[in-house]
Amino acid sequence: MTHPAPSPLTALRSGPLRGVLRVPGDKSISHRALMLGALATGTTRIRGLLESEDVINTARAVTALGAPARKTGETWEVLGRGTGGLSQPEGPIDFGNSGTGTRLMMGVIAPHDVNVTMVGDASLSKRPMARVLSPLKEMGLAVEENRDRLPLTIRGTSQLTPFVYKLPVPSAQVKSAILLAGLGTAGSTTVIEKEATRDHTERMLRHFGAEVTTAIKDGETHITIKGQAELEGREVTVPGDPSSAAFLIAAALLVPGSEITIEGVLVNPTRTGFYTTLQEMGGDVVFLNEREEGGEPVADIRARFSKLSGVTVPAERAPSMIDEYPMLAVVAAFADGVTRMEGLAELKVKESDRLAATADGLIANGIRAEAEGDTLTVYGTDQVLGGGLVATHLDHRMAMSFLVMGLASENSVTVDDVGMIATSFPEFRSLMERIGSNFRA
Ligand code: S3P
């Protein structure tokens, strides 16, 4: 896949930011709803599906595999084919920028007698796939090329063998791929995780009628799925994405006089480490009206401009805020004192090497920052100069994080390309403008 010409954007000092709003649906849950809808019998109806490039690519992927996903009115419908019921696609499937789409679909495809060529953009084609392919190969998946990067052709089999796998990295994508493969495998498949990662796959599998059990043994969680169960088409309501809300909440904390409320945001504890950290820094961030919707905890999140202090963010918290570190690092630049973020090895294999890219972006804007080993240290200041040009490396979260910086820094901040924001949060600019942010193309 080729990329269009880069489109830069500049964020200018703004504010105060004010408003009550919603953010689009959660990306992780949106991918999973489409996939489980495809593997269920009958029709699945999804409300609030995130209509971003990554998720649309997953909708196209399940359609290409014989389970059409399309929008009717406000609702997405997937016509499921039942467990093991997907069919041979006609051509290669393009996953664009999405690691989640690619890795989870490897698990979905594995228990089917199909040959699938998977391709992606320049960023995705650099990302490691062995973490998912190695365990799937042990279950019986064949991979034509002897490498672990896209483009790849995988050959599934209806004779996959059940498996017990201990995750070597804390990754919900790896966990999910194995559970999804296990769903189509005769017998029980177990994934063992040391650190809790997002559990949307487990929750949604149960919602569709699969038998998924969890047990704690020696401090580790054993998640077991009973294979070849029939899933039934369901109604799914997707809550607001806390990883998208993070940019607006951070902006409200940094821009003087701001107060915003974002309604209906997912607050599953495996996703809220960023908000916990903001509160520890002294941020006035509260969850209001906490409730459960569609098997997931949801709240309205209110944030007000706050004086912040640096903190140490422990490594154990990383899985629950893995996508929010670039944003947190920018927040830390405005805090009083030093912020140390530990245990960030996984940050190096995201849409870009976010550890290095974030440090570079801060330095380009006059902030002292050090990336050493798996730790990022940011030295906060009460005078964030800004004025820098930030390289986003085809990474949506890099672009959005540094645009937020420009709203509160002395001088404007420019990011080199906002094209990739559409992969996760196409409404970013319009929602930010609605609460009072100034941007200049
Ligand atoms: C995701 C898991 C995380 C996260 C990604 C979405 C998911 O990746 O960074 O944006 O939906 O399962 P890892 O599992 O690789 O940490």
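## Ligand site

A polar side-chain atom of Asp 323 lies 2.7 Å from an oxygen atom of the ligand. Ser 28 places a polar side-chain atom 2.7 Å from a ligand oxygen. For Arg 32, the distance from a polar side-chain atom to a ligand oxygen is also 2.7 Å. A polar contact here is a pair of N or O atoms within 3.5 Å. The protein covers 95% of the 380 Å² of accessible area that the ligand has on its own (Shrake-Rupley, 1.4 Å probe).

The residues around the ligand include Thr 100, Ser 171, Ala 172, Gln 173, Arg 198, Ile 322 and Lys 350. Each has a heavy atom within 4 Å of the ligand.

## Model basis

The model is predicted: local features need pLDDT of at least 70, side-chain atom pairs count only at pLDDT 80 or more, and totals for chains, interfaces and linings use all residues. Residues are numbered from 1 along each chain as its sequence is written, and side-chain values use heavy atoms, without hydrogens or water.

## Helices H1 and H2

Helices are DSSP runs (H or I, at least four residues), numbered from the N terminus. The axes of H1 (residues 27-39) and H2 (residues 53-64) come within 10 Å and cross at roughly 5°. Axes are lines fitted to C-alpha atoms over the stretch in contact, and angles run from 0 to 180 degrees between N-to-C directions. H1 is therefore roughly parallel to H2 (angle under 35 degrees).

In H1, Leu 34 and Met 35 are among the residues that meet H2, whose contact residues include Val 55 and Val 62. Contact means heavy atoms within 4.5 Å.

Terms used
Helix = DSSP H or I, 4+ residues; strand = E, 2+ residues; numbered from the N terminus. Parallel < 35°, antiparallel > 145°, perpendicular 65-115°, else oblique. Polar contact = N/O pair within 3.5 Å; in protein donor to acceptor, adjacent residues only side chain to side chain.
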